[in-house]
Amino acid sequence: MAQPQARICKGCWQQMRVPVPLHGVLSAPFRLFGIRPSRMNPNTCTICELMFTKVMRARKITIDATVLFADLRNYTGLSQSLQPEAMSELLDAFYDECASAIWEYDGLLNKTIGDAVMAVFNFPIKQADHARQAVLAAREIQRRCHAKREALGQIPGRDGDALGVGIGIHSGELTFGEFGRSHRDLTAIGTVVNTAARAQSAASAGQILVTRAVYERAKAELPDSQGQEYQLKGFAAPIELYAA
């Protein structure tokens, strides 16, 4: 079930105690100055996206956060069997379901990369239990995509395996901010991001794999999960992952 939209920006209220209205008559003056709901999370505003240069006086900051990658499986195969319109509809559905799930748990939908999405938890909305929130968001993504897959499978010409999703999650210290000069990109970088992406690549359709760092922070949500070693691309030693 979708969460109601916030009336004020959660990020600005948490970090600066400034009530920036996002909707209604009170938001009109702010919109004149380009302040509106962020496309990365509609419960935050564009001030949060400019916080580094305008408020923190820095282009990058180091934060403790959780990164989630979700990937639409068999995208290449589906693109060869479906019409372009159907493929576009499938990708739209995937993006929409991921976004709704991520925003429901106060995550930032940082990027859509082809057939994958990347989300960050614990910025700009602070969450003491951000690893747990990411796990819950991942489960919601799987639930939503499974429901959407059943609906698409009932349409003639659609593949019943559409919207099979693999998800990887990792927590730790990373760098978040603006990168590049001629083309600026607001994103997260670091080993945490790379590990989450590799964990996602190891997950099968319908599976969520989390690192030990996530497991330690969200044990209550993973009482029966057992660690298993995976040899991930780019890592010399095996990485222990847990099914969520």
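Which residues line the largest cavity?

1. The lining of the largest cavity is formed by Met40, Cys48, Glu49, Leu108, Phe123, Pro124 and Leu186, where a cavity is a set of points, on a 1 Å grid over the protein atoms alone, at which a 1.4 Å probe fits but cannot get out, and lining residues have an atom within 4 Å of a point.

2. On the basis of the values: this is a predicted model, in which local features need pLDDT of at least 70 and side-chain atom pairs count only at pLDDT 80 or more, while totals for chains, interfaces and linings use all residues. Residues are numbered from 1 along each chain as its sequence is written, and side-chain values use heavy atoms, with hydrogens and water left out.

3. A search of the whole structure finds one cavity of 30 Å³ or more, and the largest cavity holds about 40 Å³ of space, a volume being the space filled by probe spheres set on the grid points, which are joined across faces, edges and corners. By class, its lining has six nonpolar, no polar and one charged residues; here Ala, Val, Leu, Ile, Met, Phe, Trp, Tyr, Cys and Pro count as nonpolar, Asp, Glu, Lys and Arg as charged, and the others, Gly among them, as polar.

4. The count of salt bridges comes to 14, each being a side-chain nitrogen of Lys or Arg within 4 Å of a carboxyl oxygen of Asp or Glu. Arg132 takes part in a salt bridge with Asp129, with the closest N and O atoms 3.5 Å apart, and also in one with Glu221, where the closest N and O atoms are 3.0 Å apart. Arg132 lies in helix H7 (residues 130-153) and Glu221 in the loop between helix H9 (212-217) and strand E7 (227-230), so this pair ties together parts that are 89 residues apart in sequence; helices (H or I, at least four residues) and strands (E, at least two) are DSSP runs, numbered from the N terminus.

5. Arg132 counts as partly exposed at 30% relative accessibility, and Asp129 is likewise partly exposed, at 33%, whereas Glu140 counts as buried at 9% and Arg144 as buried at 13% (buried is under 20% relative accessible area, exposed over 50%, partly exposed in between, with a 1.4 Å probe and protein chains only).

6. Glu140 and Arg144 form a salt bridge of 2.9 Å, N to O, and both lie in helix H7, four residues apart, about one turn of the helix. Both also belong to a network of salt bridges that links Glu97, Glu104, Glu140, Arg143, Arg144 and Lys148.

Note on methods: On a 1 Å grid over the protein atoms alone, a cavity is a set of points where a 1.4 Å probe fits but cannot get out, and a pocket is an open set with protein on both sides within 12 Å along at least five of seven lines; lining residues have an atom within 4 Å of a point.
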